[in-house]
Structure formats: structure tokens, C-alpha cells
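I opened this structure to look up its pockets and one of its strands. My entries follow.

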Amino acid sequence: MRILIVEDDPLLGDGLSRGLRLLGYAVDWFRHGQEADHALSAVAYDAIVLDLGLPGDDGMVLLARWRATGKRIPVVVLTARDAVQSRIGGLDAGADDYLVKPVTLDELAARLRAVTRRSAGMPEPVWTHGELRYEPSSQQAFWRGVPVELTAREAGLLELFLTHPNRVLTRDFIREKLYDWNDVLESNTLEVHIHHLRRKLHPKIVRTLRGSGYALGTTEEVGP
């Protein structure tokens with residue numbers, strides 16, 4: 001999952017971006033609305049963490065502009081404005097959630113999981129696919145009831161396939177969703193992670209479609 005953070009406080013922005021990366025998210029952090037606009041024109045983010053008190057365009061202005069131009073990316077507002085009217089205004093302007101600072105990293109991550117699950121049409125806290133059960137809140141996978149240890153990157157890759165079960169995912173699409181601009185990738189990094197998923201879960205959990213990309217194995221392919 002790739003997250004855009006728009007926060008002008010350097011300590012908070014750096015802390016959130018580092019913390020979310022440790023949880024397996026790809027994160028791009030910018031301090032100004034204009035930078036965020038440029039990033040949104042280049043990357044299909046899964047969610048945005050938006051401060052309201054930004055230099056230049058206020059966060060409310062940015063949010064209203066994004067919604068007016070058809071951007072439906074889930075937005076979690078993170079702000080010091082705790083008045084009830086501010087919360088109502090943020091939600092009415094198109095925010096999917098509203099958090100008042102200070103906030104713990106665990107709570108922010110939980111809110112991001114919730115809004116992205118709803119956006120992907122998967123609001124349930126546990127996802128199933130054939131013999132696979134996956135809990136996104138803990139990044140815990142179970143194969144035929146047995147827990148399987150996944151790295152944060154492997155869990156992120158599995159989530160990507162589970163949220164796009166009927167779609168062929170190109171290498172470029174996967175890399176855009178799982179890696180931010182600060183990542184330096186080896187040419188075979190993606191193949192290594194897919195190999196690990198197949199070894200840990202099922203040889204056909206991910207299908208390779210020559211010349212096209214990868215797709216989640218069907219329930220019949222990964223069944224008993």
C-alpha cells in the first residue's frame with residue numbers, strides 16, 4: 001500500500017513516514033500542497049494523510065479541490081483543530097476520517113487500513129481466499145488454519161493481490177504500490193518476494209502471465 005503524507009511539521013512528518021515504512025507501507029511525504037498535487041498527478045496512491053494547517057493552500061482547500069476534480073482516494077485528516085465544527089467541516093468536505101493530534105502510529109495505521117478496506121470493497125477484518133485466511137490488522141496469514149510468518153513486504157504484496165483478485169497486475173503497477181521514491185530496487189526484488197509467497201503459502205497463490213504480469217491464483221488452483 002502506498003501512502004501520501006502531507007504534513008509541514010518536520011518532526012511529525014518524518015516520524016510518521018518512518019513508522020509507516022516499518023509497518024510495510026510505501027510512503028511519500030511532502031510539506032506543501034503544491035508538492036502533493038504534483039505527486040498525485042504521478043502516482044496512484046491508496047490513501048492520503050492530510051494536515052489542515054499547511055503553508056500556502058490550507059488542507060481544506062486541497063481536499064475540496066481534489067474531490068471537485070474527481071479524486072476519490074481515501075483521505076484521513078490529521079490535525080490539531082479539535083473543534084466539533086472543524087470535524088464536521090472536514091468530513092463534509094470529503095474526508096474519510098478525521099484524527100486530532102497527537103495520535104499514535106498504531107491508531108493511524110488502523111484508520112488507514114479501515115478506509116482502504118472500504119475503498120477496496122473489503123470491509124471485513126478477515127479476508128479469505130480458498131484455504132487462505134488473512135488478517136490485515138496484524139498482517140497475519142493462515143494456510144489451512146496454520147499461521148504463516150510473512151515479512152512486511154510479503155504481507156503488503158499479498159494484500160495487493162487480495163484486493164485485486166480478478167486483475168492482472170503489471171510489474172510497474174506492483175512496484176508503484178509497494179515502493180516509494182526513496183527505495184532502491186534490485187532488478188529481481190519482486191520475483192524474490194513472489195517466490196517466497198509461493199513457497200510459504202501455495203505454489204499457485206500467484207500466477208505468472210508471461211508478457212503481462214501477475215495475478216492471484218483462483219480458489220480452484222489454490223484449493224485442497
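**Pockets**

I began with the lining of the second largest pocket, to which H5 and H6 each supply at least two residues. Helices (H or I, at least four residues) and strands (E, at least two) are DSSP runs, numbered from the N terminus. I note that this is a predicted model, where local features need pLDDT of at least 70, side-chain atom pairs count only at pLDDT 80 or more, and totals for chains, interfaces and linings use all residues. Residues are numbered from 1 along each chain as its sequence is written, and side-chain values use heavy atoms, with hydrogens and water left out.

H5 gives the most to this second lining, with three residues. I looked up the volume of the second largest pocket and found about 190 Å³. Its lining has 13 residues, and the closest to the centre are Leu23, Tyr25, Arg113, Pro136 and Gln139. For the terms, a pocket is an open set of points on a 1 Å grid over the protein atoms alone, where a 1.4 Å probe fits, with protein on both sides within 12 Å along at least five of seven lines; lining residues have an atom within 4 Å of a point. A volume is the space filled by probe spheres set on the points, which are joined across faces, edges and corners.

The largest pocket came next, with a volume of about 390 Å³. It is lined by 19 residues, of which Asp46, Thr116, Ala120, Thr163 and His164 are the closest to its centre. Which helix gives the most to this lining? I found that H5 does, with four residues. I sorted the lining of the largest pocket by class into nine nonpolar, four polar and six charged residues. Ala, Val, Leu, Ile, Met, Phe, Trp, Tyr, Cys and Pro count as nonpolar, Asp, Glu, Lys and Arg as charged, and the others, Gly among them, as polar.

**Strand E1**

I then looked up the partners of E1, where a pair needs at least two DSSP bridges. E1 pairs with E2 (residues 26–30) in the parallel sense over five bridges, and Leu4 stands opposite Asp28 there. E1 and E3 (residues 47–50) run parallel and are joined by four bridges; in E3, Leu4 stands opposite Ile48.
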